[in-house]
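Please keep the sequence and the structure in view while reading.

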Amino acid sequence: RASLSSLCRIAGSARKIAFLGEMRELGRDSAAMHFSVGEFAAGMGIDMIFTFGTLGEEIANGAQHAGLARENIIRLPDPQDTQTAVEKLKLALKEGDVILFKASRALKLERISREI
């Protein structure tokens, strides 16, 4: 939540994109916590969300539940498929966009961020 708030503050009026991967080791409330992050992101005015990993689906569900349009939520359930993630992100990006990459370290999001 702090990272999403920082994204909004830093980006100002620029388009805000959150690339959010699953958060591991949260225990039995993990699905609900992922869902609430999606709701929070949508409520903060994030323009587009990419979800990465199986629990990312709950982030996507929360964002959609909170009103983010389905076409602004890109679901990438396979954390090994970095090629598809890079391709979809490159297609979505516009000059001036500000992107946040955030996930558990185990997802190694640098594999995607360094390709952008």
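## A strand and its neighbours

I17 stands opposite I99 in β4, and the two strands concerned, β1 (residues 16-21) and β4 (residues 98-102), pair in the parallel sense over 5 bridges. Here helices (H or I, at least four residues) and strands (E, at least two) are DSSP runs, numbered from the N terminus, and two strands pair if DSSP finds at least two bridges between them. This is a predicted model, in which local features need pLDDT of at least 70 and side-chain atom pairs count only at pLDDT 80 or more, while totals for chains, interfaces and linings use all residues. Residues are numbered from 1 along each chain as its sequence is written, and side-chain values use heavy atoms, with hydrogens and water left out.

Strand β1 also pairs in the parallel sense with strand β2 (residues 48-52), over 5 bridges, and within this pairing A18 stands opposite I49 in β2. Between β1 and β2 the chain passes through helix α2 (residues 30-44), and this β-α-β crossover is right-handed (with the strands pointing away from the viewer, the path from the first strand over the helix to the second runs clockwise).

Because 6 of the 6 residues of β1 are buried, the strand is largely enclosed by the rest of the structure; buried means under 20% relative accessible area, exposed over 50%, and partly exposed in between (1.4 Å probe, protein chains only). Both faces of β1 are covered, with K16, A18 and L20 buried on one side and I17, F19 and G21 buried on the other.

## Salt bridges

The structure holds 3 salt bridges, each defined as a side-chain nitrogen of Lys or Arg within 4 Å of a carboxyl oxygen of Asp or Glu.

| Pair | N to O distance |
|---|---|
| D97 and R15 | 2.7 Å |
| E57 and R75 | 2.3 Å |
| E110 and R105 | 2.8 Å |

D97 forms a salt bridge with R15, and this pair links distant parts of the chain, 82 residues apart, with D97 in the loop between α4 (82-92) and β4 and R15 in the loop between α1 and β1. D97 counts as buried at 17% relative accessibility, whereas R15, at 22%, counts as partly exposed.

E57 forms a salt bridge with R75; E57 lies in helix α3 (residues 56-65) and R75 in strand β3 (residues 73-76), so the pair ties together parts that are 18 residues apart in sequence. E57 is partly exposed at 33% relative accessibility, and R75 is partly exposed at 25%.
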